[in-house]
Every structure is written in C-alpha cells, then in structure tokens.
Amino acid sequence: MSRWRESGQKMKHRNYWSRGFTLIETLIVVAVVGILASISLLKFSESTTQARIARCTYNASIGQKAYTVYLAQGGAHNPVGETGAAFLVSAGYLAADLTGGTYTWTAGAGGQAILNCSVDGTTVAAAATIFDSSSTGWNIVNKMGNWDVVGSSLVARVSTTSSAQNRALIAGTNGTDYEITANAQLSSGAGYGIYYRTSETPTASDPNSISGYVLQFDHGLGDKFVIRKVTNGVESATVASASMPSGFAVNGAHQVTVSVSGNTTIVKVDGTQVLSYTDASSTFSSGSVGVRSWSNSTASIQDLKVVTH
C-alpha cells in the first residue's frame with residue numbers, strides 16, 4: 001500500500017511539472033516580452049534619431065564654415081530663404097550638397113545667413129555667428145587709445161606715451177554663452193587681450209570704463225596666458241594662468257579661442273587647450289567682446305569671430 005501511495009505521489013509530481021503553461025501564464029510571458037521589445041525599440045529609435053541629429057548638426061556646421069570662407073573671398077550671394085547649399089557646390093566651396101536632413105538658411109544677427117538643419121520636421125538649434133570681422137568689418141562702440149582697421153584686422157596703434165593702452169568693445173557681440181576665435185599677433189611690447197562678457201560701466205573718472213573678463217597674453221609675466229576680472233576698468237589679480245611651452249613664438253601669429261559656457265571658460269591656442277577656469281561666483285553672466293593692448297604694445301587681432309553655443 002505504501003509503495004502505491006509513493007508511486008502515485010511521484011506521478012502527481014511529474015504531472016505538475018509536465019502539464020505546460022496555463023493561458024494566464026502564457027499571456028503574462030507574452031506581455032513581458034512585448035514590454036521589453038517596446039523598450040528596446042524605443043531605445044534604438046532614440047539612438048538612431050540622436051545619430052541623425054548629430055550628423056545633421058555637423059553637416060550644417062561644415063556648410064556654415066564653407067559659407068564664411070565664401071564671403072571672405074568675395075562671394076556675394078545671400079541664401080536667406082533658400083534650402084540646401086548647391087550654390088556653394090557650384091562655387092567650389094563644397095564637394096557635394098548636404099545630406100542627412102533638411103538644410104535651410106535664415107537671417108542671423110546683422111543679416112548674415114545662418115544655416116539650420118531639421119530632422120523629421122524638427123529644427124535642430126544651430127550655432128549662430130553673431131560677429132565675423134572678415135565679412136562684417138569692425139564696429140567699435142567703446143574705445144580707448146588708437147586703433148587702425150586694416151582689412152579684417154584691428155591694429156593697436158603706438159602712441160607717444162610709453163604706458164598707453166588701447167581698448168575697444170565691439171558692437172553686435174553681446175551674448176551669454178559663445179565662442180570667440182581670432183588670429184592674434186604681438187609684434188612688440190607687453191601683450192594683448194580679449195575681453196568677453198564685458199559691459200560698459202562708465203564712471204566720473206573714466207567714462208569709457210568697462211567690467212567683465214579678459215584673457216591676456218602677457219609677455220611681461222613670462223609669456224603666459226592669464227585670465228583676470230575687470231571691475232569698472234580696474235583689473236583683478238590673475239585668477240587663472242598657463243605658461244606656453246618652450247619654443248612658443250612670442251611674436252608669431254596664433255589662433256586664440258575663448259569658449260565660455262555657464263561659469264566656465266576654456267582657452268585654446270592653435271587648437272590645443274591650454275587653460276580652463278571656472279568662476280564659482282559667476283561674476284559676469286553676459287556681455288560683449290572686446291580687445292586690448294597695453295604698455296604701448298604693437299598688436300593686431302585678425303579674423304575675429306563670435307559664435308553662440
């Protein structure tokens with residue numbers, strides 16, 4: 001009797017595990033698999049869309065750079081309202097028209113054409129060039145000392161005063177987060193500087209007083225790039241600095257890039273990052289771009305461009 005009972009229990013045990021899934025269990029499994037598949041497809045779709053947006057944005061930047069060169073070399077066509085960049089292909093500034101999205105030209109600051117791209121009907125925000133001395137010339141709104149405009153260059157003119165400094169703010173460059181690129185050269189003297197997030201703050205003693213940040217190449221400090229704050233025309237002590245490597249051409253022309261976003265400034269010289277500074281107090285949140293020289297230096301700033309982030 002006990003053997004029969006034991007055999008029956010084993011049979012029931014085998015039947016329980018071999019009976020298969022019930023309808024409810026099957027539906028639950030199908031639902032879970034469906035949810036996981038939906039999540040995977042959503043992630044894949046998001047990844048694909050982001051890749052298309054990145055490609056579209058990159059291609060738009062290539063087209064914008066080609067258009068800037070086109071203008072600098074005498075091109076006169078204004079493509080505002082047009083789609084694509086076939087005119088740049090015809091003129092020899094692009095190998096082929098842009099793909100990977102829809103590209104349209106709109107009017108930016110100062111009327112210069114800005115190339116935007118869109119993916120699936122959604123426009124991707126484009127970096128806008130708000131100033132380019134090679135195409136718009138120079139419009140100085142705050143000036144100290146003497147400056148000569150030579151083509152796309154702004155040249156600090158030497159005066160008879162050995163301590164003389166030249167300073168200028170540029171109209172149309174006001175903004176918050178932007179990147180400044182310029183070819184700068186110190187021919188002789190102490191150095192040159194690039195102001196950013198700078199505003200006019202006139203005082204009784206200095207009607208041309210300004211406040212903001214300034215990046216300076218300071219030959220007198222041992223060929224360093226330094227960042228200082230300027231308040232009502234008075235510079236602070238150095239808040240960040242970087243020495244240039246051995247062999248750096250002090251009197252050569254160098255491409256200087258100042259990128260400011262939030263409270264962080266990144267400085268590149270000839271394409272290499274040399275300095276990063278974060279202002280914990282975020283002293284100056286917006287303002288214009290400018291240039292300076294001091295101690296009767298001979299310096300020039302050429303092809304200065306300001307592009308918003």
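Predicted model: local features only at pLDDT ≥ 70, side-chain atom pairs only at ≥ 80, totals over all residues.
1. Strand β2, residues 113-119, pairs with β3 in the antiparallel sense, over 3 bridges.

2. The pairing belongs to an open sheet of 3 strands. The order is β1-β2-β3, and the pairing is antiparallel. β1 (102-107) and β3 (122-124) are the edge strands. Each has a single partner strand, so one side of each is left without a neighbour in the sheet. From one strand to the next, the twist averages 40°.

3. Next, the surface. Which residues form a nonpolar patch there? They are Ile24, Ile28, Val32 and Leu36. Together they have about 390 Å² of accessible area. Ile28 lies in helix α2, which covers residues 23-72.

4. Now the whole protein. Its secondary structure comes to 4 helices and 19 strands. The protein has 309 residues, of which 38% count as buried. It exposes about 16,200 Å².

5. Last, the contacts along the sequence. Take those between residues at least 6 apart in sequence. Of these, 59% join residues at least 24 apart.

Conventions: Residues numbered from 1 in each chain as written. Heavy atoms only, no water. Patch = residues over 30% accessible without salt bridge, like charges linked within 9 Å, V, L, I, M, F, W, Y side chains within 5 Å. Areas by Shrake-Rupley, 256 points an atom, 1.4 Å probe, with all protein chains shown as cover. Salt bridge = Lys/Arg side-chain N within 4 Å of Asp/Glu carboxyl O. Helix = DSSP H or I, 4+ residues; strand = E, 2+ residues; numbered from the N terminus. Buried < 20%, exposed > 50% of the residue type's maximum accessible area, 1.4 Å probe, protein only. Contact = heavy atoms within 4.5 Å. Pairing = 2+ DSSP bridges. Axes fitted to C-alpha atoms, helices over the stretch in contact; angles between N-to-C directions.
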